[in-house]
Amino acid sequence: MAAVDDSLSAPNVSMKKSKLVLIGNGMAGVRTLEELLKIAPELYEITVFGAEPHPNYNRILLSPVLAGEQTLEQIVLNPLSWYAGHDIRLHLGKTVASVDRRRRRVTAADGTEADYDRLLIATGSRPLMLPVPGAELDGVIAYRDIADTQMMIDAAARYRHAVVIGGGLLGLEAANGLMLRGMQVTVVHLMPWLMERQLDDTAARLLQKSLEERGLKFIIGAQTQALIATPSGPRRVAAVRFQDGREIPADLVVMAAGIRPNTELAERIGLHCQRGISVNDTMQTITDPRIYAVGECAAHRGITYGVVAPLFEQGKVCATHLAQFGIGRYGGSHTSTQLKVTGIELFSAGNFSGGDGTEEIVLSDPIGGVYKKLVIKNDKLIGACLYGDTVDGSWYFKLLRDGRSVSDIRDKLMFGESNLGDAGHQGRSRAAAMQDGDEVCGCNGVTKGTICKAIKDKGLFTLDEVRRHTKASASCGSCTGLVEQLLMFSAGGDYSAAPKKKALCGCTDASHADVRQAIREHKLLSIDSVFANVGWRTPNGCASCRPAVNYYLVSTWPKEAADDPQSRFVNERSHANIQKDGSYSVVPRMWGGETTAAELRRIADVVDKYQIPTVKITGGQRIDLLGVKKQDLRAVWQDIGMPSGHAYAKALRTVKTCVGSQWCRFGTQDSTQMGKDLERALWRMYAPHKVKLAVSGCPRNCAEAGIKDVGIIGVDSGWEVHIAGNGGIKTEVAQFLVKLKTAAEVLEYSGAFLQLYREEGWYLERSVHYVGRVGLDHVKARIVDDAAGRKALWERLQFSLADEPDPWFDFDKAAVDTRQFDALGAAL
Amino acid sequence: MNWTRICRIDDIPRLGSRRVARPGAPEVALFRSADDQVFALLDRCPHQGGPLSQGIVFGTRVACPLHNWTIALDSGQALEPDQGCTARFSVSLIDGEVFLSADELASRALA
């Protein structure tokens with residue numbers, strides 16, 4: 001890096017504000033400013049130069065404007081009042097002509113000057129104009145900005161024939177819009193099929209057929225030779241001539257043959273450009289660290305992005321660096337594609353054309369208008385191309401991004417997420433067909449109308465933003481596909497692009513895996529040491545990361561790392577479940593679901609004594625006392641005199657059992673005793689998420705062992721162990737792990753699997769998702785095939801659990817702060 | 001202002017809170033940040049009335065235990081994009097002793 005003077009690392013040493021100049025008043029640049037103003041509103045005096053005479057607008061929505069579905073006013077993102085409200089000096093309609101990097105001064109074509117301490121270049125991209133004779137004629141335009149769109153709208157009102165050169169995303173959207181405005185439109189495409197960079201030939205032909213049915217004409221594989229002018233009058237385009245001599249009439253020609261990063265200014269002022277302006281992971285140009293570049297003009301690790309989500313990700317990173325937080329890093333993005341032509345469902349992501357070493361799964365129904373192709377390599381999904389039914393696009397995209405093994409779901413992969421047991425949106429796949437009042441998110445009761453209104457009113461672009469603002473798709477996530485479709489239709493966002501690595505939370509860029517690894521490798525024993533070692537932006541984290549880090553510490557270094565009750569969610573701090581009215585519920589442990597008259601009597605007495613309003617039998621074969629006041633909790637525990645059921649914790653909950661061979665005439669094994677033994681061996685076990693077990697005494701499976709984290713089923717010759725079942729949001733049948741002979745083996749295998757989950761699972765990841773992520777083969781290799789490893793896991797778990805206190809009775813040892821149960825008094 | 005002593009700062013856990021009972025009126029939550037600032041808010045989230053005193057404290061914020069709204073301890077304001085505000089009480093911290101205003105306790109947010 002070039003020599004950096006002191007003022008660069010600390011631009012605000014003096015009380016005077018530093019100066020930031022933005023060249024390019026578009027979506028990427030202004031989003032960067034928004035992010036910057038959010039975290040450091042007072043740091044800079046900001047000046048913006050924009051070549052267009054408009055405030056920042058949503059360029060993606062030019063297609064719906066052209067199609068007459070939205071107006072220009074509706075797509076403005078930052079009205080002039082926004083700039084004024086943030087004291088931003090805005091120079092509209094002024095193109096920057098030069099930058100003096102030594103004197104740090106920007107000069108516009110009209111002579112306007114602005115000095116900078118830091119400069120942000122977001123000049124976007126330029127359309128490629130084909131260098132054919134006649135390209136300079138009137139009526140020949142590109143499709144890039146409001147002026148082009150307006151010209152197309154005007155032309156549609158006066159002329160008849162339009163020719164769009166380029167059958168890519170932009171060209172098809174332009175053609176569709178012009179057709180809807182009444183023109184006869186022909187799309188000319190040089191390559192053998194439409195959208196060849198986003199679609200394979202089969203999907204492209206379906207798309208072409210569908211567009212032809214709407215009235216578009218196509219000339220495929222034709223090379224444009226010249227644009228022919230009108231014989232007399234003003235020199236306006238009249239026809240397009242191809243290399244084979246054919247001519248077609250054209251009153252309007254739209255060039256949509258591609259875009260290229262606009263690096264003209266950057267190159268002129270000596271910034272290194274390769275494809276785009278070369279930037280590092282903090283979005284600084286590699287030539288001049290005072291100058292940043294974001295958006296379509298920037299090349300990060302040699303890649304330029306042309307869709308909105310990566311650009312916003314870049315903007316966020318750039319803003320943290322401008323704000324001197326400086327630890328944000330951009331690591332590149334995966335992107336996916338959707339066509340914004342109402343009524344046409346199309347999605348593609350990754351490598352969908354296959355190649356060496358890849359396998360394809362294809363579903364083709366040309367009459368029904370559905371085509372899906374999934375490309376798999378080394379048991380991982382690497383590409384997807386969907387036409388006609390795209391509701392699972394986001395799910396495939398997630399699989400692709402996560403790089404998760406799909407071997408276990410391969411047979412169901414093509415049929416989508418709903419076939420894996422996801423519920424919540426009643427199998428609805430087309431958001432466009434839903435009414436405003438229809439519920440999209442069943443968890444949080446959010447309707448289509450609410451989501452669309454929030455997207456429009458608040459200018460939301462990404463799934464995360466919709467989740468934060470409306471809570472839609474924020475709980476179980478099964479409606480994610482629908483929400484993403486709504487985003488696309490309302491905001492035009494390529495919503496699903498996302499950073500390659502998912503950060504644990506907003507306080508850090510580190511992932512769950514990074515944090516775990518650091519704790520293990522550096523033997524970190526406290527939350528503060530993790531925050532210092534891994535790099536946290538916030539002094540004491542947030543409500544998302546602290547519980548996760550606390551769990552990783554105590555599970556990695558049992559008996560050594562300090563448990564921090566203030567970093568646990570209230571339920572684990574109070575050892576009771578908080579209810580909607582602020583009262584608590586108490587669930588005593590009943591080993592294997594068995595109880596006695598004495599226990600029931602004590603419970604009944606407690607209910608009377610503390611006037612507990614509701615007594616409920618739980619699904620886990622225990623009794624739940626609901627509506628206990630916080631100040632009564634200690635006395636209730638004491639009077640009941642039964643161990644904590646940990647019904648409030650990310651820990652072992654219940655071991656549900658059937659009565660088994662002791663009473664049942666069908667029972668083959670003593671499932672109740674097995675259940676009690678398991679529960680006594682595993683209780684007080686904290687885990688990434690709650691853990692439920694069940695033991696059935698015969699394959700009739702009355703204990704419902706098929707939907708538990710560990711389900712044991714007795715058969716005549718022994719026990720079957722099933723793992724990673726789930727009866728919650730995503731009903732998942734447990735997978736068979738192993739068949740065993742003795743009860744001791746059942747304890748060892750079950751314990752070893754749970755310890756593996758404790759060591760490798762991410763906080764709040766249920767065992768079903770953990771096994772889905774690492775694959776059943778991995779679990780089998782560690783638990784079934786590796787006897788020494790299994791014994792070591794089982795021993796580590798026993799070591800962790802030995803002498804662990806019961807938090808309802810041993811307050812000191814369990815680090816229960818008993819002050820929480822008493823209110824302070826105020827002498828009034 | 002008419003200050004009334006509530007407790008010592010060490011009676012409140014760091015990054016934690018205590019409840020202050022008010023006869024016949026909703027409780028007040030006292031919060032202590034990592035750097036030993038003390039804040040007082042009505043113990044009620046503006047969203048659905050959750051007890052803020054039971055939330056996780058970080059920086060100068062608390063996450064409500066019911067639906068994870070984040071409330072700023074110094075203003076009582078919900079953080080964007082959520083909207084709402086809970087009543088704030090004045091706190092005086094002198095030599096490690098925490099005082100609240102008796103007038104505010106007796107008059108503010110009684111229902």
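This is a predicted model: local features need pLDDT of at least 70, side-chain atom pairs count only at pLDDT 80 or more; totals for chains, interfaces and linings use all residues.
## Nonpolar cores

Val695(A) also belongs to the largest nonpolar core, which has 111 residues. Val695(A), Ile712(A), Ile723(A), Phe753(A), Leu754(A) and Leu30(B) are the residues with the most contacts inside this core. Helix 22 of chain A, spanning residues 743-760, gives the most to the core, with 7 residues. At least three residues come from each of two domains of chain A: domain 5 (512-568) and domain 6 (651-805).

## Packing of two helices

In chain A, helix 15 (residues 512-521) packs with helix 17 (residues 545-556) at an angle of about 40 degrees, and their axes are 10 Å apart. Helix 15 of chain A is therefore oblique to helix 17 of chain A. Helix 15 of chain A contributes Val515(A), Arg516(A), Ile519(A) and Arg520(A) to the contact, while helix 17 of chain A contributes Val549(A), Tyr552(A), Leu553(A) and Thr556(A). The crossing of these two helices is right-handed.

## Where chain B meets chain A

Contact between the chains involves 31 residues of chain B and 23 residues of chain A. On the side of chain B that touches chain A, two or more residues come from each of strand 1 (3-8), strand 2 (16-22), strand 5 (56-58) and helix 1 (102-107) of chain B. Strand 2 of chain B gives the most to this side, with 6 residues.

Notes: Residues are numbered from 1 along each chain as its sequence is written. Chains are lettered from A and ligands numbered from 1 in the order in which they are written. A nonpolar core is a set of buried Ala, Val, Leu, Ile, Met, Phe, Trp, Tyr and Cys residues joined through C-beta atoms within 7 Å. A residue is buried if 20 or more other C-beta atoms lie within 10 Å of its own, exposed if 12 or fewer, and partly exposed in between; C-beta atoms are placed from the backbone. Helices (H or I, at least four residues) and strands (E, at least two) are DSSP runs, numbered from the N terminus. Domain bounds come from an automatic or database domain assignment. Axes are lines fitted to C-alpha atoms, for helices over the stretch in contact, and angles run from 0 to 180 degrees between N-to-C directions. Angles under 35 degrees count as roughly parallel, over 145 as roughly antiparallel, 65 to 115 as roughly perpendicular and the rest as oblique. A crossing is left-handed if the near helix is turned anticlockwise from the far one by less than a right angle, and right-handed if clockwise. Two residues are in contact if their C-beta atoms, placed from the backbone, lie within 7 Å.
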